[in-house]
Amino acid sequence: MLHMERISLLWCFGQAAFLLASCFSDMDGGPGAAAAPQAAGGGDRFKIEGRAVVPGVKTQDWVSTARVLVEGEEYVGFVRTDGTFAVNDVPPGSYVVEVVAPTFRFEPVRVDITSKGKMRARLVNHIKTSEVIRQAYPLQIRSSGPNTYFMKRETWGWTDFLMNPMVMMMVLPLLIIVLLPKVVNTNDPEMRKEMEQSMNMLNPNPELPDVSELMTKLFSGSKGSSKAGSSSKGTRPAAKRR
Amino acid sequence: MAKLILPFLKLIILWSTVEAVFEDQVGKFDWRQQYVGKVRFSHFDTQMQSSKKVLVATESNVFAALNTRTGELFWRHVDKTGPEGNIDALLQHGQDAVLVVGNGRLLRSWEINIGGLNWEIVLDSGSFQSACLVGQQGTVKNVAVLKKTAISLHYLSHGHQKWIENLPDSETVDYQSVYSGGDGQVYALGVVPHSHIGVVVYSVEDGEIIKQISVEAPWLSNIPASCAVVGQDMLTCVDSTTMSLYMLDLNLQPQMTQIPLQSLAVEVESGFQPSLVSHQPNAALRPLSEFFLQVGPDQYLLLQLNDGQIVTLRDFKPAPLVSFATTGEKTVAAVMSPKNQTASTINLFSAETGRRLLDTSLIFNMDPNGGKPEKLYVQAFLKKDDSVGYRVMVQTEDHTLTFIQQPGRVMWTREEALSDVVTMEMVDLPLTGTQAELEGEFGKKADGLMSMVLKRLSSQLILLQAWIGHLWKLFYDARKPRSQVKNEITIENLSRDEFNLQKMMVMVTASGKLFGIDSKTGGILWKHYLENIPSNAAFNLMVQRTTAHFPHPPQCTLLIKDKDTGLATLHVFNPIFGKRSYVTPPALPQPILQSLLLPLMDQDYSKVLLLIDDQNKVSAFPSTKNVLQQLQETASSIFFYLIDSNQGRLSGYRLKTDLSTEQIWEVILPTEIQKIVSVKGKRLNEHVHSQGRVMGDRSVLYKYLNPNLLAVVTESTDTHQERSFIVILLIDGVTGRIIHEAVQRKAKGPVHVVHSENWVVYEYWSTKSRRNEFSVIELYEGMELYNSTVFSSLDRPLVPQVLQQSYIFPSSISAMEATLTEKGITSRHLLIGLPSGGILSLPKMFLDPRRPEMASEQSREENLIPYAPELIIRTEWFINYNQTVSRVRGIYTSPSGLESTCLVVAFGLDIYQTRVYPSKQFDVLKDDYDYMLISSVLLALFFATMISKRLAEVKLLNRAWR
């Protein structure tokens with residue numbers, strides 16, 4: 001999971017760098033849409049409009065539970081029966097607009113409103129906040145599917161059991177311990193030296209007892225004994241470790 | 001090899017700490033209750049006879065449809081809090097409900113069947129006065145909105161404005177009400193206080209002024225309070241000073257006719273402002289000519305206007321509540337009259353004649369622990385024999401809605417007070433009688449061998465009896481179909497379960513109603529309405545005695561403080577039964593500044609509560625001799641602090657032996673620059689299991705565990721986005737020493753803080769990057785402990801090491817709390833309430849200032865996740881899956897008897913209770929434990945040994961023969 005996160009982050013950065021170059025020209029054109037101001041108590045207020053779509057689901061099945069949140073709960077809008085929405089009375093600024101429904105997932109969008117009422121929508125990027133990747137305005141928010149809230153129960157099966165990393169970790173060394181002495185002639189002193197060296201390189205922390213250390217110990221211990229003896233000796237400590 | 005294995009291991013560890021709900025666990029230990037708040041407007045859906053909807057618009061800015069059969073929600077729409085989401089008016093026509101929101105800023109129309117929005121339009125600014133539906137030729141097509149200076153007409157179908165007109169002389173005339181009788185005219189009714197009435201009549205078609213009337217009325221100041229339009233456009237007003245009814249025909253003469261109330265043979269109670277209740281069943285038709293005149297708090301007159309003459313149809317006394325209802329062509333009046341102390345009867349009367357309808361009485365039993373009835377909503381319907389039947393929804397002072405059917409069957413009640421929970425505690429349930437009996441055996445002094453044996457035998461007998469009873473119940477229940485088995489929990493059979501997972505939730509609501517809720521089922525076991533609670537009261541709930549001290553009853557104390565005056569009262573009660581305790585709390589004549597619950601106990605095992613008043617005098621409760629003596633002995637080690645956020649002062653005091661106080665430190669934060677927003681100490685019942693953290697090189701980094709540490713949050717008074725900042729001060733509450741100060745520039749609140757163990761996590765809004773950020777501060781003593789046995793604030797010369805790290809959080813948050821377990825062994829999670837309604841369980845592991853930028857061997861050894869700037873919200877981490885909780889105001893965590901399990905209650909508009917397992921359930925078998933697998937493996941092994949034994953024997957035999 002950790003790796004996946006890191007990879008996605010890297011990917012994000014890569015994408016950001018790529019798109020940053022392409023959006024400079026876009027900046028000059030300025031935001032496309034403009035809205036008529038709604039006069040209110042201090043300064044002009046504007047309207048954020050858009051449409052939310054859940055593919056394959058009738059709007060009436062989800063609109064009653066949906067809300068449009070602008071910057072948390074600072075401004076709240078509701079979804080009309082046809083899926084369109086409008087959030088009224090929003091002063092100029094930059095806001096994250098989110099459609100929230102318990103069953104469906106919608107991606108948030110950042111909407112910038114200038115003091116003259118020009119609007120533009122762009123991807124939300126919390127890390128590079130000034131980056132502009134334009135989105136359609138009025139907003140078109142498509143649900144990317146139902147929210148996944150639940151984990152799958154682990155069901156027991158032979159393949160699951162065997163592919164379990166813990167089992168793999170126990171079985172693989174066992175195989176190595178049993179098979180390796182048969183393949184490699186451990187009585188050859190040159191070979192053994194080489195092996196020890198590689199093992200030392202792999203194990204930088206000498207205080208840590210780990211599998212590799214155990215293996216070197218095993219190999220050195222099996223010096224004088226026969227092949228059958230070494231294998232039987234090898235299995236015993238491994239079994240203990242279990 | 002090791003390199004290969006370590007990431008593998010990490011993966012496993014990470015996965016195992018990430019908890020999520022399994023689909024089959026839905027509803028097993030969790031429940032949610034949804035509320036709407038105190039009802040302001042309510043309409044029954046009358047378009048169909050079979051309709052089951054009642055629409056409610058509430059003071060919590062919620063608009064919802066309730067099922068009249070069950071009381072559950074069909075749908076609910078939660079608007080912004082505060083005045084901008086305030087619902088000013090609710091009008092209903094057919095399938096559409098029109099709401100005026102935010103002091104006339106927005107006009108919304110809802111489709112009531114599916115709960116979707118039809119349209120929403122923005123109205124011109126101006127303070128809202130009144131709104132009504134406008135009908136023409138029998139159909140309702142428009143809605144009129146009256147504001148201070150303008151009147152506008154909108155189409156019901158799409159909300160567009162038909163016309164808007166400025167009101168004439170709006171500087172002098174105060175237009176307060178709008179009315180339409182369905183004849184193509186809209187009347188704006190205004191008043192110049194104590195001078196005259198001004199009426200402007202507009203044409204529905206184009207907004208042209210048809211007529212303007214000005215009539216002398218020196219006695220009138222408020223039209224909605226004392227006037228109503230009755231019958232054929234007859235504006236009727238009542239005045240208490242002249243004791244008269246005034247009538248004005250809006251279409252005819254510009255003159256009012258005065259009818260003295262004496263001619264109707266009634267008298268208005270002195271000091272009572274009489275009022276009128278009229279009824280307009282259909283906006284396209286004129287109102288009824290019958291109306292109610294209220295002449296006293298519990299006296300109503302049903303009057304009829306007949307050719308300019310007023311006839312008294314009936315006098316109702318005592319009748320605290322009346323209401324009109326219409327079904328089909330018939331209109332009835334429902335009148336509630338008290339029957340005795342605890343019950344009221346409601347009867348129906350024909351509106352035209354005032355005659356009582358037969359078989360229509362309904363009994364409403366008032367809850368002795370509730371409030372008085374406040375409003376009456378009547379749903380009338382035609383029965384098969386064309387007579388009128390009805391159901392009523394009664395709203396009481398404690399915000400409860402009760403829906404009653406004839407002859408008095410309560411179909412459902414909704415405790416809407418629970419939509420505004422202020423504070424809560426979870427109290428362990430008591431042992432059952434038998435358990436207590438057994439406990440008692442060990443508690444008492446030994447009195448002879450024989451009696452001890454007898455006692456033992458008798459208690460064993462009791463156990464046997466209970467066991468047989470249990471078996472019998474099992475057997476009995478097994479024979480019944482499953483649906484009939486009822487395991488209803490009442491106060492009588494409440495008892496602690498094996499792992500102490502079921503507790504009593506004591507909830508205090510802003511309305512002053514207290515609730516005792518069973519945490520397992522969510523059932524309300526007791527309720528108690530405290531009357532005369534000031535509207536701005538602050539509550540502080542303390543558990544003085546737990547259930548552990550049988551036979552002493554558990555005891556909770558609620559400190560109710562008026563925020564303006566500072567005057568406080570104490571309510572002492574038993575948290576299990578909700579009854580007021582026999583202990584009389586002391587009277588508190590002085591404003592209370594601070595209260596603290598000491599770990600000291602009196603001889604009855606109740607903890608001592610100290611109250612400090614504005615003279616810095618300390619009073620103790622209970623204040624027995626024993627307590628005072630203990631206080632004197634320990635006074636030198638009792639310190640407390642006071643916060644004065646108005647003056648920006650934090651001060652620390654010490655208790656002296658004569659129960660006076662002495663100031664020992666003071667910190668002044670200049671109020672011109674910053675204001676104190678919150679002060680957070682540590683939870684009293686928090687346990688920390690490990691004193692330090694084992695590092696990658698096997699050394700130990702010791703935590704700085706100061707129980708007296710306070711986290712003080714201040715915000716800058718300058719709110720400009722370039723100059724605003726927030727400050728976190730870590731102050732030792734005993735010595736006043738500032739341990740650490742963290743300034744976050746270009747940041748503003750609201751700041752949410754969690755302070756626990758040796759860390760403080762806070763969340764703020766970064767104005768520079770326009771995003772929410774989390775920051776974590778951890779305090780460490782270093783590689784050595786100064787004094788490993790006792791912590792004393794007075795003897796800690798070394799300044800702790802401070803580590804801090806910040807993260808981006810992709811959502812704003814509404815509440816935050818940390819999980820809490822019995823012994824503190826389980827890893828911690830942060831529970832974060834999001835505006836979307838989810839409650840995110842974020843492992844504290846992600847908020848660790850020791851997360852390295854580059855993963856090294858040692859950091860991997862410690863299981864530190866490499867630093868990533870953004871924290872990710874995964875929906876799998878939502879502990880409440882799709883059971884969203886609206887407007888989470890607080891999250892309460894409580895340890896259970898199991899170390900792995902923490903009980904969580906999130907409260908806001910809704911209440912959600914569940915259990916979380918931050919490190920999974922390591923101390924009990926999981927509910928998906930595979931009994932089949934383990935038993936089959938055991939059996940297989942057993943047979944394998946049998947067979948191999950047999951084989952070995954054969955082999956031995958063979959060898960012996962050889």
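A residue is called buried when its relative accessible area is under 20%. In this predicted model, buried residues account for 53% of the 962 residues in chain B. Chain B contains seven helices and 63 strands. Along the principal axes, the C-alpha atoms of chain B occupy a box of roughly 125 × 75 × 65 Å.

Val36(B) is found in the loop between strand 2 (31-33) and strand 3 (39-44) of chain B. Its relative accessibility is 0%, so Val36(B) counts as buried. Between the C-alpha atoms of Val36(B) and Leu73(B) there are 9.0 Å, although 37 residues separate the two along the chain. The second example, Ser775(B), belongs to a strand, namely strand 56 (residues 771-782) of chain B. Ser775(B) also has a relative accessibility of 0% and therefore counts as buried. From Ser775(B) to Glu763(B) the distance is 6.3 Å, C-alpha to C-alpha, with the two residues 12 apart in sequence.

Attention can now turn to one of the sheets. Strands of chain B form an open sheet of three in the order 58-59-60, and their pairing is antiparallel. Strand 58 (815-818) and strand 60 (839-843) of chain B are at the edges; each has a single partner strand, so one side of each has no neighbour in the sheet. On average, and ignoring direction, neighbouring strands in this sheet are turned by 20° against each other. Strand 59 (residues 829-833) of chain B runs antiparallel to strand 60 of chain B, and five bridges join them. As for individual residues, Ile832(B) has Leu840(B), in strand 60 of chain B, as its bridge partner.

Charged side chains make links of another kind. Over all chains, the structure holds 38 salt bridges. One of them joins the side chains of Arg105(B) and Asp89(A), with 2.5 Å from N to O. This pair crosses between chains: Arg105(B) sits in the loop between strand 8 (96-101) and strand 9 (106-111) of chain B, while Asp89(A) is in strand 6 (residues 84-90) of chain A. Are these two partners buried or exposed? Arg105(B) has a relative accessibility of 11% and so counts as buried. Asp89(A), at 10%, is therefore buried as well.

Within chain B, a salt bridge connects Lys703(B) with Glu757(B), and their closest N and O atoms are 2.9 Å apart. Lys703(B) is part of strand 50 (residues 700-703) of chain B, whereas Glu757(B) lies in the loop between strand 54 (747-756) and strand 55 (759-766) of chain B, so this pair ties together parts 54 residues apart in sequence. Lys703(B) and Glu757(B) are both buried.

A further salt bridge brings together the side chains of Lys746(B) and Glu722(B), at 3.6 Å from N to O. Here too, distant parts of the chain are linked, 24 residues apart: Lys746(B) is in the loop between strand 53 (738-745) and strand 54 of chain B, and Glu722(B) is in the loop between strand 51 (709-716) and strand 52 (725-732) of chain B. With a relative accessible area of 27%, Lys746(B) is partly exposed. Glu722(B) has a relative accessibility of 46% and also counts as partly exposed. Salt bridges can join into groups too: Arg693(B), Glu778(B), Lys844(B), Asp848(B), Arg850(B) and Glu862(B) are linked in a network.

The last topic is the empty space inside the model. Where such space is left is shown by rolling a probe the size of a water molecule over the atoms. The count gives six cavities of 30 Å³ or more. How much space lies in the largest cavity? The volume there is about 140 Å³. Its lining is made up of 16 residues, and those nearest the centre of the largest cavity are Val21(B), Gln25(B), Ile879(B), Thr914(B) and Arg915(B). The element that gives the most to this lining is strand 63 (residues 911-916) of chain B, with four residues. Sorted by class, the lining of the largest cavity has 10 nonpolar, two polar and four charged residues.

Conventions:
Residues numbered from 1 in each chain as written. Chains lettered and ligands numbered in written order. Predicted model: local features only at pLDDT ≥ 70, side-chain atom pairs only at ≥ 80, totals over all residues. Heavy atoms only, no water. 1 Å grid on protein atoms, 1.4 Å probe; cavity = no way out; pocket = protein on both sides within 12 Å on 5 of 7 lines; lining within 4 Å. Points joined across faces, edges and corners; volume = space filled by probe spheres on them. Helix = DSSP H or I, 4+ residues; strand = E, 2+ residues; numbered from the N terminus. Nonpolar A, V, L, I, M, F, W, Y, C, P; charged D, E, K, R; others polar. Salt bridge = Lys/Arg side-chain N within 4 Å of Asp/Glu carboxyl O. Buried < 20%, exposed > 50% of the residue type's maximum accessible area, 1.4 Å probe, protein only. Pairing = 2+ DSSP bridges. Axes fitted to C-alpha atoms, helices over the stretch in contact; angles between N-to-C directions.
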